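Open your viewer and keep the selection panel handy. We will go from one pair of residues out to whole chains.

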Amino acid sequence: MRNPQLNAHGELNHLLTIEGLPREVLTRILDTATPFTEVAEREVKKVPLLRGKSVFNLFFENSTRTRTTFEIAAKRLSADVINLNINTSSATKGESLLDTVDNLAAMQADMFVVRHASSGAPHLIAQHLAATGREHIHVVNAGDGRHAHPTQGLLDMYTIRHYKQDFSNLTVAIVGDVLHSRVARSQIHALTTLGVPEVRVVAPKTLLPTGIERLGVRVFHDIGAGLRGADVVMTLRLQNERMQGALLPSTQEYFKSYGLTPERLARAKSDAIVMHPGPMNRGVEIDSAVADGSQAVILPQVTFGIAVRMAVMAMLGGA
Amino acid sequence: MRNPQLNAHGELNHLLTIEGLPREVLTRILDTATPFTEVAEREVKKVPLLRGKSVFNLFFENSTRTRTTFEIAAKRLSADVINLNINTSSATKGESLLDTVDNLAAMQADMFVVRHASSGAPHLIAQHLAATGREHIHVVNAGDGRHAHPTQGLLDMYTIRHYKQDFSNLTVAIVGDVLHSRVARSQIHALTTLGVPEVRVVAPKTLLPTGIERLGVRVFHDIGAGLRGADVVMTLRLQNERMQGALLPSTQEYFKSYGLTPERLARAKSDAIVMHPGPMNRGVEIDSAVADGSQAVILPQVTFGIAVRMAVMAMLGGA
Amino acid sequence: MRNPQLNAHGELNHLLTIEGLPREVLTRILDTATPFTEVAEREVKKVPLLRGKSVFNLFFENSTRTRTTFEIAAKRLSADVINLNINTSSATKGESLLDTVDNLAAMQADMFVVRHASSGAPHLIAQHLAATGREHIHVVNAGDGRHAHPTQGLLDMYTIRHYKQDFSNLTVAIVGDVLHSRVARSQIHALTTLGVPEVRVVAPKTLLPTGIERLGVRVFHDIGAGLRGADVVMTLRLQNERMQGALLPSTQEYFKSYGLTPERLARAKSDAIVMHPGPMNRGVEIDSAVADGSQAVILPQVTFGIAVRMAVMAMLGGA
């Protein structure tokens with residue numbers, strides 16, 4: 001079976017998940033993003049690549065931050081952008097997801113940027129478009145449930161490549177709430193595909209999915225051991241709002257055991273970079289001294305994120 | 001008294017309701033829409049007709065779907081679009097409707113697209129603009145209470161003309177909750193004005209306004225009889241959210257008596273088309289087998305709707 | 001210490017408050033606004049001064065009216081505008097104000113238009129940008145707590161100059177709830193800086209801040225005396241939603257003592273103009289006969305407001 005994200009020529013047609021994407025495609029996205037980082041430095045931060053195209057930000061779950069990154073990326077590509085917060089609209093009129101999609105597709109949408117609380121919603125949309133002969137409408141997953149957040153994973157890879165050049169001799173430690181994190185899944189798939197020899201996850205047992213080792217990662221429960229010799233430390237947001245019941249004693253306890261402090265970071269290589277997908281819980285998963293410290297590349301991640309999203313949208317829109 | 005929608009030259013100055021619009025004006029709108037269906041097929045879906053014009057989507061009632069159609073239409077005409085959801089803003093500061101309008105007019109608005117829960121609100125705004133010497137600001141009714149939804153009526157006419165060419169020998173059946181439907185009113189006025197010889201409404205007594213016959217329609221309570229020999233079947237959305245008390249035993253009961261099933265549709269002509277203004281309640285007013293069947297033109301309605309709204313806005317903006 | 005709003009060349013870099021801005025800067029803003037009033041009269045209401053710039057409307061407090069004026073101004077300057085209502089987004093994810101700002105800055109923002117319920121928030125943002133080497137990102141205060149609303153003050157000055165030409169021989173009366181009004185503060189600073197010889201505040205003791213005289217105003221508790229001989233009457237909105245407890249017996253009582261009626265207005269000069277920042281509480285601080293009367297310039301204020309905001313944004317964006 002063909003990868004549903006690629007067209008018959010092996011080109012990216014949707015971006016649904018990093019899982020299963022060939023290394024060449026990932027590399028092509030990162031390469032395409034490079035010139036877009038320069039667009040953002042210009043006096044006029046705009047290129048006409050998507051002029052006259054209609055991009056729908058289809059957010060079934062509120063996320064101002066992610067929506068903003070896609071909106072700014074699309075506008076810098078000169079697209080017409082329509083923001084739709086669906087929780088308060090047709091959903092309340094009882095319309096199904098696919099009827100909503102059919103409707104917007106009938107408005108000659110060119111691209112759907114989809115955020116949904118349910119894993120698989122963007123896949124479902126892409127499948128439905130294919131089944132109804134409209135695979136020329138591109139779908140970008142902007143985060144679905146616990147499943148994937150591929151543009152976050154890609155901007156993380158861009159950031160790592162920017163600072164470390166080469167993936168082939170890195171040790172990368174992902175620290176925190178892997179269980180609830182779509183970001184972690186996208187990161188792991190990207191890192192292993194791009195040839196990082198050692199990918200570690202560092203978390204308490206209760207915040208790790210069972211069988212995580214099968215993704216090709218080494219599991220650490222002790223943060224000191226997990227960070228030792230790392231080139232890259234990727235902290236995850238503690239998903240307060242996703243946690244139910246008693247997976248954790250308290251956020252203070254969490255910080256005590258897993259918070260990224262300068263002392264703990266000292267176990268990593270001295271030129272290790274520190275990443276975070278944002279928004280940060282300072283004093284929970286990360287100490288402010290680290291977040292604002294010289295090893296943090298958290299704000300460059302955001303900057304690269306715009307370029308990566310422009311690259312993905314330009315590749316899809318031109319396909 | 002002059003029709004408040006037309007200027008001294010008989011040209012469209014506002015679009016408030018289809019009622020009272022001459023056949024020539026309706027036909028001119030449909031004719032103007034035709035080339036806009038082609039714009040949407042282009043690589044760059046944009047024409048500069050409203051460049052530098054300020055279009056305000058003034059939604060006193062939430063409707064993401066309708067707002068989106070107007071927003072995309074205005075953007076494809078190159079207008080600057082400002083979305084205003086008024087329920088949560090100045091209304092809460094106790095400002096009157098007309099003070100809000102005066103304010104936005106003073107910002108050099110060129111067009112107001114107005115959605116309001118109260119029948120007549122767009123008329124009131126147009127009157128107020130005329131009374132204060134600002135009839136150069138155009139008003140488009142995007143749905144007011146139970147009164148009218150003229151662009152929906154027009155896109156329905158465009159759809160019928162597209163599939164049936166000529167109005168003069170058609171039998172059209174409108175099925176469902178006519179009582180609460182501004183769409184039905186707009187449809188009936190449009191159909192009779194354009195010369196459809198037989199317009200039927202098919203509904204239980206409790207969902208029909210008294211005196212509906214005076215609009216020139218034939219009333220049927222039995223759906224089998226109502227659909228017999230029809231060229232066009234226009235289903236209406238069951239306005240769950242508008243119904244209070246016990247006009248209906250239940251939506252299941254409604255489906256049993258009035259839901260559009262393949263069996264019932266078989267009573268219409270074999271080439272009859274099925275329309276719905278959306279969003280659909282599948283299994284209530286329409287069976288999925290019909291909604292997704294070969295006779296349904298529900299998604300083309302949406303596509304034509306963009307072209308029709310572009311046509312209306314271009315005609316007004318150029319007047 | 002340098003004024004944090006000005007750069008090393010004494011040019012405007014942020015607009016945070018009118019307090020402390022030199023008369024030349026105020027005058028330059030008003031002068032710059034003049035040609036923009038003509039842009040709004042054109043067929044194509046657009047100039048390319050901010051093309052490819054990213055303007056973020058950062059509203060931590062809801063204000064559709066103010067957001068709209070900035071949005072339309074930015075769009076007429078051809079900027080890309082991103083609207084952010086932060087109360088419902090990252091704030092709920094517990095991110096700090098400055099982390100939010102850092103993030104948006106990392107998206108290569110060119111300008112933040114900031115509305116916040118806390119006095120000083122825009123200053124804090126400007127300081128933070130300076131401290132982190134990003135003073136090329138401009139901050140415009142769109143209203144902070146009880147502190148300032150400088151573009152409102154500027155548009156008021158533009159309006160006065162338009163109708164009265166010269167500030168140097170005017171008597172200006174500010175009537176109403178000075179205590180809760182950021183608008184009043186901005187007006188007083190602007191008027192005294194521009195050389196108005198007599199600035200009066202007219203209000204009950206409970207709606208005046210202690211020590212208001214030190215700002216260079218004369219205090220009146222009797223509206224008849226306060227309006228006598230005035231050239232300009234600036235009414236303030238009674239901030240119902242800001243008042244807690246019993247500062248006032250009732251809005252009816254307030255109207256009886258301080259509402260601007262035609263009789264009271266007759267005490268001012270016969271060619272006095274009447275201003276209001278909107279939205280008006282008719283029958284509370286202003287009688288409809290005055291609001292809609294020939295001396296009212298309330299709607300021209302709105303029109304000039306767009307031009308003034310375009311001027312401020314163009315001056316900052318070009319700096």
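Which residue of β2(C) stands opposite C:Phe59? Select C:Phe59 and look across: the residue opposite is C:Asn85 in β2(C). Before moving on, note that this is a predicted model, in which local features need pLDDT of at least 70 and side-chain atom pairs count only at pLDDT 80 or more, while totals for chains, interfaces and linings use all residues. Residues are numbered from 1 along each chain as its sequence is written, and chains are lettered from A and ligands numbered from 1 in the order in which they are written.

**The sheet of chain C**

Next, select residues 54-59 of chain C, which form β1, together with β2(C): the two strands run parallel and are joined by 6 bridges. (Strands are DSSP runs of E with at least two residues, helices are runs of H or I with at least four residues, and both are numbered from the N terminus.) Two strands pair if DSSP finds at least two bridges between them. Now widen the selection to the open sheet of 4 strands, with parallel pairing and the order β2-β1-β3-β4. At its edges you will find β2 (80-85) and β4 (138-144) of chain C; each has a single partner strand, so one side of each has no neighbour in the sheet. From one strand to the next, the twist averages 15°.

**The two domains of chain A**

Switch to chain A and colour domain 1 (23-149 + 304-318) and domain 2 (150-302) separately; the bounds come from an automatic or database domain assignment. Their centres, taken over C-alpha atoms, are separated by 26 Å. Where they touch, 21 residues of domain 1 are in contact with 24 residues of domain 2, contact being C-beta atoms, placed from the backbone, within 7 Å. On the domain 1 side, α1 (23-39), β4 (138-144) and α11 (298-318) of chain A each give two or more residues.

**Chain A against chain B**

Finally, show chains A and B. Their contact takes 18 residues from chain A and 21 residues from chain B. On the chain A side, β2 (80-85) and α3 (97-106) are the elements that give two or more residues, and α3(A) provides the largest share, 4 residues.

To superpose chain A on chain B, rotate by 120° with 0.0 Å of shift along the axis; the RMSD is 0.0 Å.

Note on methods: Two residues are in contact if their C-beta atoms, placed from the backbone, lie within 7 Å. Copies are superposed by least squares on the C-alpha atoms of residues with pLDDT of at least 70 in both. Axes are lines fitted to C-alpha atoms, for helices over the stretch in contact, and angles run from 0 to 180 degrees between N-to-C directions.
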